[in-house]
Amino acid sequence: MSPLANYAEQFAATATAGGAEGPAWLPALRQRAFDRFHALGFPTTRNEDWHFTSVTPIAERRFKTLKPAPTALTGADVAPFLIDPSWHRLVFVNGQFEPGLSQFAGLPAEVHVSTLAEALRERPEWVQAHLGSLAAFDDAAFTALNTAFVQDGVVVHVPVEETVDTPLHILHVIDAQAQGAAIHPRLLVVADRASAITVVEQFVELGASEHLVNAVAEIVVADGARVAHYKLQREGSAAYHVGTVQATQGRDAAFHSFSFAEGAALSRTNIYTKLHGVNGEARLNGLYLIDGNQHADHQTFVEHIAEACASRELYKGILDGSSHGVFNGKVYVDPEAQKTDGKQTNKALLLSEQARVDTKPQLEIFADDVKCTHGATVGRLDAMPLFYLKSRGISAENAKALLTYAFAAEVLETIEVDTLRLELERAVFARFTHTALE
Amino acid sequence: MSASIESLVNKEYAYGFVTDIESDTIPPGLSEATIRLISAKKEEPEWLLDWRLKAFRRWQTMTEPRWPNVTYDPIDYQAHTYYSAPKSVKPLQSLDEVDPELLKTYEKLGISLTEQKRLSGVAVDAIFDSVSVGTTMKSELAKAGVIFCSFGEAVREHPELVQKYLGSVVPYSDNFFAALNSAVFSDGSFVYVPKGVTCPLDLSTYFRINAANTGQFERTLIVADEGASVSYLEGCTAPKRDEHQLHAAVVEIVALDRATVKYSTVQNWYAGDSEGKGGIYNFVTKRGKALTGAKISWTQVETGSAITWKYPSVILQGDDSVGEFYSVAVVNGAQQADTGTKMIHIGRNTRSTIISKGISAGRGQNSYRGQVKVLPKAAGARNYTQCDSMLIGNRCGAHTFPYIEVANNSATLEHEASTSKIGEDQIFYCKARGLNAEHAISLIVAGFCKEVFKELPMEFALEAQQLLGISLEGSVG
C-alpha cells in the first residue's frame, strides 16, 4: 500500500467514526485539507524547502490513527515533566486530553482556555473564524495532513488588555501505546489587543515508541499584544516530529518564539511569523542538540510586511555522532516595509568528525531603507579558549564540556521564564558535563 | 529618496552601435545539421564533431533550469542563429590583414588592437560575433612558451592539449546551457602556460556581439601547468537591439599543482532599455579546478546584460588549494542578476574567500546565490563569505541565497551578509564638503565596492569604476 493510500484509508475511517462530530463546517475543512495533502504528497528533496531533509522514513512507515483509549499514566508519571507545578496545564497523552492530569482552573474568567473539542462545541463560530486561517496548507503537505486528521488540541483566547501572569503549559506525553501511531495536535492562540500570555508547549516521551507527531500551532498577536511561545521537543530517539508554528502580528505586537529540540530520529520545526503592523517585534531563538543518527531541521521565515518592524533571530546547534543538522532561515522584506531592522545569526558547533550541517540563511529584500544582516558560522570548538582553560589546570575533557555548555548558554539566556530557563540550563549542563548544575 | 539622486542624467549605453560589416551567417535553427555545418566551417577534426554531437544529444534531453530568481519569456532556440562570422576572416598572418571596419569597431570600444600591441603590454584576443578576429602580442608570448590563441586555432595547432582538457572541468553534460554551448560553440580563447612560467603579460579577450538574432557561444579554456601563473581579463559589449540575444559561454580553468590563475571580467553587455526591452541574456558557466597548492581567483564586475545568471566556481580538489571570488553586480532599469559562486572543498586545508557586493537600483533585482560545500575529507577547510547589498530606491530588490554544507568538523566557515541603503545623509555629508550629488554617489558606491576593485588590474579598476557610475546614473533614488 502506498503512503497516500494508507492515509486515504484512515481518512475514510475517521470521517465515518469520531471525525463526524463537531460543527458542519469541520468535515468540509478536513476534506479540503485531505484532498490537498493527497494532491501534494509527501515533500521530496527536490522541493527547495526540503532540500536537505528527506522525509522518506516518515512516508514509508504506515502510521495509523489511534483509537481513543484510557491511559494508565498517573500524576506521578507526568510529574517529572512539570517545569513548574504552579503553572496552569493541559496534559495530553498520545494526543488525547487527560482532564485528570490537567489543572487549569483559576485563570481569569475572561480568558478562554479549553481543548479544541470543547471549543468546537461551545464557540464553533469563533473557532471557524480562526482555525486554519493562518496555517495555510496549499503548499504544506504536513499542515494539510494535520488539518485533515486533527482530533484535539488547545484553544486559547486572551481578550483585550488581559494579561495571563503565569505561563500556560501544554504537555504532550507520548508513551508505548503510541507505537506506529500518527498524532496531530493543534494549538490556536488568539491574543487580542494589548493582552499578554506565555505558552510553553512541550513534547516528551515515556518509553520508546516509533511514532509521528505532526503538530500545528496558529498564533494571532493583535495590536500591542505580547505572546511568548516556547516549544520543547524532547521525544525519544525513535520518534518522528514535524511541527509548524505560524504567527501573525499586528501593530506594536511582540512575538517571542523559542524552539528547543533534542529528541526524535528526524525532526523538522517550522517557525513562521508575519509582521503585519508597524513597529512590531519578532524574536525567534532556538537551540538544538543532536547525537547518533539524529536529524534536526529548523526552518524560520520572517515576513516584514509593515514598516519599522524589528526581527531578531539566534539559532544554535550542537552536533555530535553522525547527526545532521539543517537550518534554513528566511527574512523577507516587502517593498512597503521601510525602516525594517532585521538580524539573524546561526551558529553550529560540530563535536564529532561525522556530524554534518547544512545551513541556508536567506534574505529577500524589496525595500531600500532597511538594515538587514545575517551571519552564519560552522566549526568546532576554538583551540584558543580550550588552551586557556587547560593552562588554568582544567582537564581537556572538562574544558571542552564547559565551552560546549557556554556555546549553548548564550541562547538559553534569552529565555524570559526563569524556571524554564533554569530547567533547560540544568539539562544542557548535565548533558555535556555529566554533572548537575547548582 | 530624493531629488538629488533622481536628477542625475540618464546616460545612453555607449557601446550600442552596430558595425556594418559583411557576415557569413548561417540560417537560424538548431539541429544536428547545424552542428555539422559549424564544425565543417571551422574545419574541425572528427573527435570534436563527435563531442559536439554528444553534447547536442544530451542537451535535447535536458530542460531549461527554472530555479534562478529571474523571470523571462521562454527562449526559442530555433529562432537563434548559431554562427556568424565577419566575411573577411581568413586565417590571418598578421593584424594588418584584419578588416579595417572591425579594427574601427574595437577602437570605438576603446581597445585598439594595434595600439594595444605597442603600449599597454596586454595581449588581446578579440572575438567578434562568433569568431576570433585577432590576437595581439603573439610573438612576445611565444618567447615565454605561452600559447594564447583563438579556440579554433588551438584545435588546429594544439589538438592534444585541447582534447586533454576540453570538458575536464565543465563536462558537456554539466547543465542545460553548458550542453548547448558544447554543441554549438563557435570560438573562444585558449591559453596554455607551461610549467613554471609566469606569463609576462596580462592576457585579455574582448567579446563583441554584432549581428542581430545571433547567439554567442564562446568557450574559453585556460590551462596553467605546474607552478605557472597567469592573469586573464575579459570584457564584453553588444549593440542595442530590441530583441533579446543569448550569450551562453563556458570558461574552464585548469590550475595544476602550485599554479595561479586570476580571471577578471568586466561584463557590460547591452542591458536592454529601462522597460526591459532587448538586452543580452548572459547565461554563463565558469568553473576552475585547482590542484595541490594551486590558486584560482575570480573577479567580476557585472554591470550589463538584461539577465545575468552565472556562478564562477572553484573545485578545490588538491590539498592546500585556494579559491577566491570577488564580485560587484549592479542592476538598474529592468535588469536581473542571479549570480554568485560555488566553492567545493575536497582537499585538505583548502581555503576560499567570497566577497560579493550587490547594488540594486531602478527596478533591478539582484540575487547572490552561493554554495560552500565542505566534503568529509576536507579537513582544515576554511571559508569566509561576505555578501553586502545596497539598495537605491524602493522598487528594486536584493536577495541572498547562500548554501553552506559542511561535512567535516575541522572546517571553519563564516558567512556574513548585510543590506543597507545609500542614504540621503551620506550624500548630504559629501555635499557639505563640496561634492555634487553625482560625485557623492559614485564616491559612496566606490567605497562600498572597494574590496572588489582592488582585486582588479589597474586599468580595469578604472574602467569598472566609470562603468559603475554610468550604470547607476538616472537610478531613481
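At roughly what angle do the axes of helix H2 and helix H7 of chain A cross? Select residues 25-40 of chain A for helix H2 and residues 141-149 of chain A for helix H7: in this predicted model, their axes come within 8 Å and cross at roughly 145°. Viewed along the line that joins them, H2(A) passes H7(A) in a left-handed crossing. To see the contact itself, show the side chains of Leu29(A), Arg30(A), Ala33(A), Phe34(A), Arg36(A), Phe37(A) and Leu40(A) on H2(A), and those of Ala141(A), Ala144(A), Leu145(A), Thr147(A) and Ala148(A) on H7(A). Coloured by class, this contact of H2(A) with H7(A) has 9 nonpolar, 1 polar and 2 charged residues.

Stay in chain A and colour its two domains separately, taking 3-277 as domain 1 and 382-438 as domain 2. The C-alpha centres of domain 1 of chain A and domain 2 of chain A lie 32 Å apart, and where the two meet, 9 residues of domain 1 of chain A are in contact with 7 residues of domain 2 of chain A. On the domain 1 side of that contact, select strand S9 (196-205), strand S11 (226-234) and strand S13 (254-261) of chain A, each of which supplies at least two residues. By class, this side of domain 1 of chain A has 7 nonpolar, 1 polar and 1 charged residues.

Next, select helix H9 (residues 396-412) and helix H10 (residues 418-433) of chain A, whose axes come within 9 Å and cross at roughly 160°. Because of that angle, H9(A) is roughly antiparallel to H10(A), and the crossing of H9(A) and H10(A) is right-handed. H9(A) brings Ala401(A), Thr404(A), Tyr405(A), Ala408(A), Ala409(A) and Leu412(A) to the contact, while H10(A) brings Arg421(A), Leu424(A), Glu425(A), Val428(A), Phe429(A), Phe432(A) and Thr433(A). The classes here are 9 nonpolar, 2 polar and 2 charged residues for the contact of H9(A) with H10(A).

Now move to chain B and select helix H2 (residues 32-41) and helix H3 (residues 46-61), which pack at an angle of about 155° with their axes 10 Å apart. H2(B) is therefore roughly antiparallel to H3(B), and the crossing of H2(B) and H3(B) is right-handed. Show Glu32(B), Ile35(B), Arg36(B) and Ser39(B) in H2(B), which meet Leu48(B), Leu49(B), Arg52(B), Leu53(B) and Phe56(B) in H3(B). This contact of H2(B) with H3(B) has 5 nonpolar, 1 polar and 3 charged residues.

For the last stop, bring both chains into view: how many residues does the contact between them take from chain B and from chain A? The contact takes 31 residues from chain B and 32 residues from chain A. On the chain B side, select strand S22 (382-392), strand S23 (397-406) and strand S24 (412-421), each of which supplies at least two of the residues that touch chain A. The residues on this side of chain B divide into 12 nonpolar, 14 polar and 5 charged.

One pair to centre on is Val378(A) with Leu413(B), its bridge partner in S24(B).

Definitions and conventions. Residues numbered from 1 in each chain as written. Chains lettered and ligands numbered in written order. Predicted model: local features only at pLDDT ≥ 70, side-chain atom pairs only at ≥ 80, totals over all residues. Helix = DSSP H or I, 4+ residues; strand = E, 2+ residues; numbered from the N terminus. Nonpolar A, V, L, I, M, F, W, Y, C, P; charged D, E, K, R; others polar. Pairing = 2+ DSSP bridges. Domains from an automatic or database assignment. Axes fitted to C-alpha atoms, helices over the stretch in contact; angles between N-to-C directions. Parallel < 35°, antiparallel > 145°, perpendicular 65-115°, else oblique. Left-handed = near helix turned anticlockwise from the far one by under 90°.
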